[in-house]
Amino acid sequence: MSQFTFKMPDLGEGTVEAEIVAWHTKPGDVVTEDQLIVEVMTDKAAVEVPAPVSGRVLSVTGAAGDKVAVGSPLIVFELSDGAAAPASAPAATPALPKAVGAPAQTVAPLAPPAAKGRVMASPANRRRASEAGIDLSTVAGSGPGGRILRADLQTAAPREAVADLAGTTEIKVIGLRRLIAERMSEAKRTIPHFAYVEEVDVTELESLRAHLNQTRPKDAGSLSYLPLVVLALTRVLESFPQCNVLYDAARGVLVRHHAMHVGIATQTPDGLKVPVVRNAQSLGLWEVAAEIRRLAERARANKATREELIGSTITVTSLGRLGGIASTPIINAPEVAIIGLNKAVERPVVINGAVVVRRIMNLSSSFDHRFVDGYDAAAMIQALKERLEHPATIFIPTVKSS
Amino acid sequence: MANMNMIQALNSAMDIMLGKDPSVVLMGEDIGYFGGVFRATEGLQRKYGEHRVIDTPIAEGGIVATAIGMSVNSLRPVAEIQFADYIYPGFDQIVSELARIRYRSAGDFFAPITIRTPCGGGIRGGQTHSQSPEGIFTHVSGIKVVMPSNPCDAKGLLITCIEDDDPVVFFEPKRLYNGPFDGDPNKPAVPWSTHPKGQVDEGYFKVPLGKADIVRAGSAVSIITYGTMVHVAAAAAAAMNVDAEIIDLRSLVPLDVDTVCTSVKKTGRCVVAHEATRFSGFGAEILSIVQEECFWDLEAPIQRVAGWDTPYPHAFEWEYFPGQARIKAALKAVLEPA
């Protein structure tokens, strides 16, 4: 244990003494550095004096109203072992002495040389520490006056946040992952993708969905946009048969399917799978919803049969809440189109000159540009948009014009 | 190539320029008939005549003023001030007229003048023959300041300066005229024939201004210096077995900041050395630039080695001259573990 005597600091030009206004500590108190210990007043200013060190107060000099000369002992601290006493009494100088009666101002004692809390290190070592994420205030310096040397940095621990985890983990690309990788590469390599993004006002669709959810059959699950989009898609494809096609590359033939087997891109613990809603054109909304739910559960539980996973003629992909604002889906070859659903969010929309809140969802789709012209692709998505924005039309059979 | 000391190299430079360019004239005290107190212009009046190599009165203000008048009338004067210690009567002409002619006439006139002047100590010359006033001139905008440390650079730099269309003050460290000097006055004098830079091309060649010379590459510390101190610093570092990078600035204005800062960023340590007095010396400028450009690379405070802040003394010259001991002390301080 060592003692440190703090003397009345020089509180400003020409100050010879200061009057004690109030003590904020008493013998026996444990104070921490910078804690307010005493308020004093000079003929020019009221000043709050903070503790220059941390320690236990052994004695104080003077009571409220007493005048203490600058440089005479004011307070004696007992310092814990290892705590460095300031080399000299800090000189406290108010930056701008205020008139008596003005609010008291805090005066920080000037840091004495090599006092604790002041890091000593060369600029180069400061840079090294910064780059290595080392907090210099935690490093014990072994150089003259406690200066931190380069060698001291070698043993210092970097901040946890930047811990460098060495090593790697190898995962073999096998099974479903290999299959996905091969099919994705093949599709992306051979198919000239034409991406098309359009926004759809799904305010009314949302209203319908909410109503259906409130009034749904007891055994039916909660309804998402997906079955509604699948159903709308089957209606639209009647007019765009060139999108419901499988390309037989070996024979050089486009095989138009009259049935609409809609693949549903599904995330499973093993990876992406595409179970198929067969003959979606012939199913009702709740049937489509139930089938999607059933297939997804089976795919996720790794119970889907091979038949349930092949034979789609077009694919719908939806990331639900992760849908983002736009995406560029990769076509599920040998199909020629894939329809992507982005996240539905409420946005300000201008309608008839007024800004109104509408629920907007983007459709991000890709087409095989070898077989689907951009014009047809756009027209198909616009037709889908029309159905989704006027959801009653999803349930009205297409009127063949001819 | 021929062996030349610095006097012969300077003489060769002026000889070549007098022969090459009829507008070049030499002028100064005792430079013609007598050939200069250090013999730098020996034989040139005989060769080129009294109208090309002109003996002037002992009036430095007049020498500079006359040179200015000649230069704005299409001549290219090389004026010798016999000792840098005598340059002050010409100081007003240099600062108030010479340095500003181009600026003041909005470029209508310029003054292609080279003022040659021997500087520095080490010759028992006392306070009137030993000064190093280069820092006074580096502080004046509009003039270039050059100081070679060997015959080869002296010749190439002097030709560059004579051809330069703006004024240059060309300081010649007189202790190096006859041989390199490592700061030890007790050792026998060494001739330039023992030094690689004493081999000088006899023909026309130039050494560019603003390009420092890395005399020795090293990794432990950068010693930034010029003139006589180049040799003193090299000897001190070698004696201490310190892998110092020694940089001879050669021209102070323009200054090769890139070479200096690249070196200090590499070594992280810097010693600046010059013979001139320390306070407000040119070393302060180097220090300032180094800390501005290289602060985060510095391992230790930059050290300065310079002459004491007194007049150059008649007695105790070797206590005054910043010799190897002072360089070694600076190296020791800057190389402390950091």
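Modeller: Axes here are lines fitted to C-alpha atoms, for helices over the stretch in contact, and angles run from 0 to 180 degrees between N-to-C directions. This is a predicted model, in which local features need pLDDT of at least 70, side-chain atom pairs count only at pLDDT 80 or more, and totals for chains, interfaces and linings use all residues. Residues are numbered from 1 along each chain as its sequence is written, and chains are lettered from A in the order in which they are written.

Biologist: What makes α5(A) oblique to α8(A)?

Modeller: Helix α5 (residues 225–237) and helix α8 (residues 374–389), both of chain A, pack at an angle of about 125°, with their axes 9 Å apart. Angles under 35 degrees count as roughly parallel, over 145 as roughly antiparallel, 65 to 115 as roughly perpendicular and the rest as oblique, and therefore α5(A) is oblique to α8(A).

Biologist: Which residues make the contact?

Modeller: Taking contact as C-beta atoms, placed from the backbone, within 7 Å, α5(A) contributes V229(A), A232(A), L233(A), R235(A) and V236(A), while α8(A) contributes M380(A), A383(A), L384(A), R387(A) and L388(A).

Biologist: Why are the buried residues of α9(B) placed on the same side?

Modeller: In helix α9 (residues 257–267) of chain B, the residues T259(B), V260(B), S263(B), V264(B) and T267(B) are buried, that is, each has 20 or more other C-beta atoms within 10 Å of its own. They cover an arc of only 120° around the axis, which puts them on the same side of α9(B). After α9(B) comes G268(B), whose phi is positive, near 75°.

Terms used: Helices (H or I, at least four residues) and strands (E, at least two) are DSSP runs, numbered from the N terminus. Two residues are in contact if their C-beta atoms, placed from the backbone, lie within 7 Å. A residue is buried if 20 or more other C-beta atoms lie within 10 Å of its own, exposed if 12 or fewer, and partly exposed in between; C-beta atoms are placed from the backbone. The arc is that of the directions from the helix axis to the C-beta atoms.
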